[in-house]
Amino acid sequence: MRRPHWLIPTMGAVVLQVVEIARADTPPLCTVQQQKLVASDAVSGDELGSAVALHGTRAAAVAGGEVYVFERAGFDWVEDTQLAPADGQLIRADANGSGPAIALDGDTLVAGSQDAPPGGAVYVFVKSGGAWSQQQKLQDVTGLPNDSFGAAVALDGDTLLVGAL
């Protein structure tokens with residue numbers, strides 16, 4: 001029996017739920033809240049969980065313009081680090097209110113900031129030697145203001161897919 005983990009954003013926190021599934025074509029047999037993830041420096045209005053990603057024993061969530069990374073240690077999830085773009089840009093929604101986007105695969109995390117001038121950006125972070133660092137900032141060279149480059153991101157191995165509006 002497979003036990004996938006679901007990340008569900010709820011009012012400034014991320015609720016990690018474990019769902020028991022018997023078969024792919026049946027509804028969940030049991031849903032149990034495993035843990036409520038909260039940023040270590042949380043303040044009102046941060047909206048932890050405005051974007052979430054999960055891969056193996058690592059979870060990520062956006063709050064206050066940064067990405068918080070959590071690692072599973074046994075049955076508990078603990079905050080590992082906070083990631084912010086080196087250029088000071090915030091990972092946040094665009095002027096139209098479309099939310100931020102993140103994706104996680106292994107030791108690579110990508111975060112789209114649609115509000116980064118001129119038309120959005122995607123930041124690539126990699127964990128190496130136990131530490132996370134920003135490896136690259138990607139922008140659409142033909143981008144125009146309000147393009148919202150980074151509105152959606154998907155990551156599979158070394159392949160990155162970036163959406164714009």
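## Terms and model

Two strands pair if DSSP finds at least two bridges between them. Strands here are DSSP runs (E, at least two residues), numbered from the N terminus. This is a predicted model, in which local features need pLDDT of at least 70 and side-chain atom pairs count only at pLDDT 80 or more, while totals for chains, interfaces and linings use all residues. Residues are numbered from 1 along each chain as its sequence is written, and side-chain values use heavy atoms, with hydrogens and water left out.

Let's start with β5, which covers residues 58–63. Because 6 of its 6 residues are buried (under 20% relative accessible area with a 1.4 Å probe, protein chains only; over 50% is exposed, and partly exposed lies in between), β5 is largely enclosed by the rest of the structure.

In a regular strand the side chains alternate between the two faces of the sheet. Both faces of β5 are covered: one side holds Arg58, Ala60 and Val62, the other Ala59, Ala61 and Ala63, all of them buried.

## Two hairpins

On one flank, β4 (residues 52–55) runs antiparallel to β5, joined by 4 bridges. Alanine 53 has alanine 60 in β5 as its bridge partner. The hairpin of β4 and β5 has 2 residues between the strands, and glycine 56 takes a positive phi near 60° there.

β5 also pairs with β6 (residues 66–73), again antiparallel, over 6 bridges. Here valine 62 stands opposite valine 67 in β6. This hairpin too has 2 residues between its strands, with glycine 64 in the turn at a positive phi of about 55°.

## A look at serine 128

Serine 128 belongs to strand β10 (residues 121–128). Its relative accessibility is 56%, so serine 128 counts as exposed. Between serine 128 and threonine 108, 20 residues apart in sequence, the C-alpha to C-alpha distance is 9.4 Å.
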